[in-house]
Amino acid sequence: MSSNKAVFKERIIKQILTAFAFSSLLFLFLIFAFILVEGLPLFYKAGVKNIIFGMKWAPTRGFFGIFPMIVSSFLVTFGALVIGGPLGLGCAVYLAEYAGRQQKMFLKPALELLAGIPSVVYGFLGVLYIVPFIRTFFGGSGFSLLATSIVLGIMILPTVISISYDALMSVPRSYREGALAMGSTKWQSTWRVVIPAAKSGILASCILGMGRAVGETMAVIMVAGNALKIPGGLLDPLRTLTSNIALELSYASGDHRLGLFSTGVVLLFIIMVLNYFANFVIRRTVIK
Amino acid sequence: MEAKILAHNLMVRFGAVEVLKGIDLEVYKNMITGFMGPAGSGKSTLISLVNRMIDFEDGVHIQGSLSIDGEDILSKSVDVVGLRRRVGTVFAVPLPLPRSIFENIAYGPRLKGITRRADLEDIVEESLKKAVLWEEVRDRLQVSALKLSGGQQQRLCLARTLALRPEIILLDEPCSGLDPISTAKIEEALNELKKDYTIILVSNNTKQIARATDFSAFFYMGALVEFGATEKIFTNPSVKQTEDYIQGKFG
Amino acid sequence: MRVNPRLTDTLVRHLLNMQAYFTVGILVIIVFIIFIKGISNCSLSFMLTYPEDMGRHGGVFPAIVGTIFLVALSILFATPLGLGTAIFLTEYTKESLLTTIIRFGVESLAGIPSIIYGLFGFIFFVIKLKMGWSLLAGALTMTIMILPTIIRTSEEAIKAVPKNLRIVSHSLGATKWETTVKVVLPSAAPGILTGIMLSIGRAVGETAAVIFTMGSSLRLPTSLMESGRTMAVHFYILAREGISMEKAYATALVLVMSILAINIFAYYMMNKVTAKYS
């Protein structure tokens, strides 16, 4: 009977699908393996302290200090959160609690389309509009922590909005109705009941937004000014970990290139920590 | 009378819950056998053993034996896909696939490797006729099956099962959601079909069992309480429980 | 002093409303600027002619072709892998430690920034596998990058297919694979297509991962092993090196409009799926 053939075929298909499913793990392993293999040796050679806390980046002369870049990455990420966080949360709350059906049908796709605009376009418009604006009204060159924070603040909006919107929407309706039935206004029920109930998801949206900001490259290169020092103020230029890699990878060789991979190791570490926290926060919500 | 299906000391547990407690039963060839009993009596579980749809449940433990034509169908080595082609099933709710009437019925035959259009057309016509649906849909075979009424959909599902040319047809409360006219049409179809098939009809409706079956089995709490000719069961049951159930005192 | 809750409610409602429309306003302004500044230099001949003098004059034909090649190849690689993974996770296995680990891998891939993909693609495909800056190296890097999107959207689409359809198919003597191919995938197709469209949008707009793997040659790539330039990379170079603002705007116009069209189509497909099952 042909059924043996069918059973055999099913078994082969299952094995192929299993192999496909493992491909993601394989790719993840390869990425980590190659970044670490290229990036770690320099930590032995030049010293962990000299790289992570070193102030001077002159890879062709043996200086691999990326401390200013680590600080700058954190600063722009924090700046992006300050600008994009409240705005994104406001949008999410409006969409989830206030907007009518018709309004939602228009607003939600429009806000999601922001995520589709390529980062180079954000950077380009930042250079042409935000940088000159800052130069004219606040002084300096305009290529600055402030300009980078504004551009990144806009870029993290879709992440913040969509994840906190989902968190708000997953709050059971009975919570809202309970609060409203007791004579609360819409805002009182939102502020005292809905937002506290969704706070883990909102927190996760901010952490993932930070992940997006710390990993962003092309837009940052264009507006940050790429100076190799810790910015002293909002109007000072800076260089992030990501920009450092992208600016120099195309011509670097030898230890210089290894230095860029070391930069990548630090970046990957920061991203993993952020993702771990976001996952941790989300999982805690699910269990609750 | 020849036994088509034979269950011997059949026990099923879902985790710690016993749903079948040692069933011994013969289902005769070319007869309609009715399974009745209140919800949770184990009649649907028994059906899902015959077509091995129970494989999709988790945590099932099975003991005892169940055979079709003397062949054990619970063993690991049995060809389940082939078995399901021999045992056709009609479910409680009509479940048409989201495709045309024609393609719904041709689904099973195509899987068996029948691809010639003329052959498929013959099978579709023959199956629809046997399910008493042909006259109503003959002009619109390419219309989506979802457009049919509930009663028509259920007869379509019967036709789709017949198109497999099975030996056994299992109907799991096929009329629970249908109006009396559709129910009558299904019963009419079954009466014709028993010449060629062995049929098991699961129903909560004792009147339907009385009308449409030759033999009846009454299940209660996972046990087979009484089995016999339908006429005897309904006129002179030997167990008090059966009598109470038939008279609608519980269930 | 006591604040009137009714008044606060009204004020907050207006404030949040303003925030939402302000954010949409950002999108409108971006599209508006790109459109106004780009339209005068953007024409059919701009899209169909070769660039001259590093892109200072002429069109963007090779970049458009480069983009299409890159996107087509990465979708070609990523769709079977991603769809296969999604089918495995939903149809062929039960929730277990294994699925948790695979999902962890997918989530982790999704969180990795594009510059890390660039770095990895550069060292692995370009250097170690000796592909050089090439279409193939770019497409393979992009494949890994879009894989999580395809897996997640396909998985959701497959999960949304009612269980009953699978049961019916099995009861009619179909194997698991036959059920998957003939019943599950056709029902899940719009959702799967949404994932593919979103991935295309992502690949079209990507720069950091592409520039270090596919390179930035302005010639028309004629084989898998040749370097090429995508629209996004071309735009980045025009803008960053100040080659030509007019051409940069025109390139941005083509880029942004195609991405918006792709994303709007994806959104439309997704709505159709949601409407179908709710």
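Reply: Let's start with what counts as a pocket: on a 1 Å grid over the protein atoms alone, a pocket is an open set of points with protein on both sides within 12 Å along at least five of seven lines, a cavity is a set where a 1.4 Å probe fits but cannot get out, and lining residues have an atom within 4 Å of a point. This is a predicted model, where local features need pLDDT of at least 70, side-chain atom pairs count only at pLDDT 80 or more, and totals for chains, interfaces and linings use all residues. Residues are numbered from 1 along each chain as its sequence is written, chains are lettered from A and ligands numbered from 1 in the order in which they are written, and side-chain values use heavy atoms, leaving out hydrogens and water.

Take the second largest pocket. Its lining is made of 48 residues, and those nearest the centre are A:Glu10, B:Phe56, C:His170, C:Thr175 and C:Lys176. Elements giving two or more residues to that lining include helix 1 (3-39) of chain A, helix 2 (80-86) of chain B and helix 8 (176-205) of chain C; helices here are DSSP runs of H or I with at least four residues, strands are runs of E with at least two, and both are numbered from the N terminus. Helix 1 of chain A gives the most, 10 residues. By class, this pocket's lining has 15 nonpolar, 12 polar and 21 charged residues (Ala, Val, Leu, Ile, Met, Phe, Trp, Tyr, Cys and Pro count as nonpolar, Asp, Glu, Lys and Arg as charged, and the others, Gly among them, as polar). The volume of the second largest pocket is about 1,800 Å³, taken as the space filled by probe spheres set on grid points that are joined across faces, edges and corners.

The largest cavity has about 50 Å³, and helix 8 of chain A gives the most to its lining, with 4 residues. That lining has 5 nonpolar, 1 polar and 2 charged residues, with A:Lys108 and A:Glu112 among the residues that line the cavity.

The second largest cavity holds about 40 Å³ of space. B:Phe35 and B:Ile200 are among the residues around it, and its lining has 9 nonpolar, no polar and no charged residues.
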